[in-house]
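Look at the fold as a whole before turning to single residues. The text below goes from the overall shape to one helix and then to a few aromatic rings.

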Amino acid sequence: MCGVIGYVGEAQDADFLFDGLKRLEYRGYDSAGVAMIADGEVYVQRAEGKLKNLKAKLRHMPESAFVGMGHTRWATHGKPTELNAHPHTSRKIVVLHNGIVENFRSIREQVTGFGYAFQSETDTEAAAHLLDHLFQQQDSQKPAADRMEKAIQLLMKELEGSYAFGILCLEDPSVLFVVKMGSPVVLGRKGNLSLMASGMTALVEHTQDLLMMEDKEYALLRAEGISLYQADGTPVDRPFKRVPWTSAMIEKGGFKHFMLKEIHDQPTSLGETLTGRVDRNTGLLSLEELGIQGLDLKEIENIHIIACGTSFYAGMLARYAMEEALGLPVMVELASEYRYKTNTCSSASLAIAISQSGETADTLQAIKLAKERGAQCLALVNVPGSSIGHVCAAESLMRAGPEIGVASTKAFTAQVLSLMLISLATAQQTQRMTAAEILAKTDALFRVPRYVESFLTQTESLESIANKYKNNTSILFIGRGPHYPVALEGALKLKELSYIHAEGYAAGELKHGPIALVDENMVVVCICPRDAYRDKTLSNIEEIRSRGGKIISIGTVGDTELKSISDEMIEIPEVEAWVVPFLTTLPAQLFAYWVAVHKGTDVDQPRNLAKSVTVE
């Protein structure tokens, strides 16, 4: 969750670090800090709250320095105060940290016995003191970098949990030390500048040549280059890769918020997810372009989709299409629960881990379990070179591009589309569908970007509807079939952004309990396009109306019957049944966005939330 940025090799001012942290704000944070070494001194400034509070203190930092690092903290151990903000110092060592040191209490007790005094409540300071102690134990005749390297090796043996450390040492300010176990770290190079960060978005402004560190590795960053090692000191030779992201892709592009931009990015992100993967004329899918050529698709007897939050709902939605295409049972599992129940995953299973970042801690641990049980494992991620991608036998990139808004939008639809393509490719390999059937499905998918773009040009009424209902304290969402997961996702978006209590239900379940909540104060968003489920959903709407509930419907253009029983109606175009959920999703996203805007909440960085949840 924390944001980390560091550099060494070329003189920079503190704004260099500050700008990097700004690009990591989407991860969620409650305090921030920077550290630089210049003229034989360590300079540290920290602040509680948003980065603007840190900005005011940067005047106390040196005008320039050849090494520095910055951090945005999402509190785990200790309150979100300035004292608990990173970086932390221990004598001549400076440390910042993304992750959790699980055995910090025993380490804290140990280093207290060595005479170290604590200034914070954090687990990170315990690790910093232990690292300093191990550093002091090394032969003082050896170069400082060699002593620190040995101390890091010993530290990694002592720590339990997840961590990505950035470490500076006053005795050798020409080196930025980086350590990874469980939490993401990406390294970059440009000229004499060596860089590290917790996410690509902080680095693509400077370079597209990036290297993802793997667990149980550490790196020494210098002006002349980067040296990478396994925990025991064995050198690692891994090439840098050029990523397609650019700094322009992570700008707002004239939109007020990243979330609104990303909603409007969806025609492009969906088009990119399709590009090169399907022959438009034949419907033939490319396993190589989908990243699944290494899987033995003919051996699959069941599918386990493992995910959290929005990714979980994407899996729930795609399940309808996957079971239709394959005739195989598809189980959609919450990653946070997957390891704590009887597990039916086996060598006959395809386990698909879905994560926008590829670093979601619960999903990472769950897919490791599936792998241990012999399943073929596929990572569906948006960020190349991720931890989840590394664990799995195959990696499929959804190609949504950088997503900065904490509340996921374009990644959700790209995940659904990717899963549909994977199911069709599997049907192609296993001959569970005819070539003509697959072509009909892919034809519909190719029209989705145009459908989405068309709808997004006609959304003026959504802002006024959102403004009308912004003060409601509770809103329900209902839908049937594939629109049930859309209802769940719509309710989640509204909760995340506006802090209004919202719940999603299968429409048929309304009378089995939730209808008790319906009175003249209750608003219900009813997803009711003209499809096989429409008539049943209309009956549910009548049940709500008879109890005084207010109806906001999402339905097919020209459906006068639905409009006549709705207080408000948001119209979507009439499209093929296979792709309708892409259209019903958009009004739910925009409704949540405009409610939040009218309530004045922080749209891109909702309270208590982080973009990437890298701790369990």
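The model is predicted: local features need pLDDT of at least 70, side-chain atom pairs count only at pLDDT 80 or more, and totals for chains, interfaces and linings use all residues. Residues are numbered from 1 along each chain as its sequence is written, and side-chain values use heavy atoms, with hydrogens and water left out.

The protein has 19 helices and 24 strands; helices (H or I, at least four residues) and strands (E, at least two) are DSSP runs, numbered from the N terminus. Its radius of gyration is 26 Å, close to the 25 Å that the globule rule gives for 616 residues, so the protein is as compact as a globular protein of that length. This radius is taken over C-alpha atoms, and the globule rule is 2.2 Å times the number of residues to the power 0.38. Of the 616 residues, 62% count as buried. Buried means under 20% relative accessible area, exposed means over 50%, and partly exposed lies in between (1.4 Å probe, protein chains only).

Helix H3 covers residues 104-113, and its buried residues are Phe104, Ile107 and Val111. Seen down the axis of H3, these residues fall within an arc of 60°, so they line one face of the helix. The arc is that of the directions from the helix axis to the C-beta atoms. An α-helix has 3.6 residues a turn, so residues three or four places apart point the same way. On the other side of H3, Arg105, Glu109 and Gly113 are exposed. The cover over the buried residues of H3 includes strand E6 (93-101), helix H4 (123-136) and helix H5 (144-158).

Aromatic rings come next. Rings of Phe, Tyr and Trp (its six-membered ring) pair if their centres lie within 6.5 Å; planes under 30 degrees apart count as stacked, over 60 as edge-to-face and the rest as tilted. By this rule there are five aromatic pairs. In one of them, the rings of Tyr7 and Phe16 have centres 5.1 Å apart and planes at 70°, so the pair is edge-to-face. Both Tyr7 and Phe16 are buried. Tyr593 and Trp594 also form an edge-to-face pair, at 4.9 Å centre to centre with 75° between the planes. Tyr593 is buried, with a relative accessible area of 1%, and Trp594 is buried with 16%.

Methods
Contact means heavy atoms within 4.5 Å.
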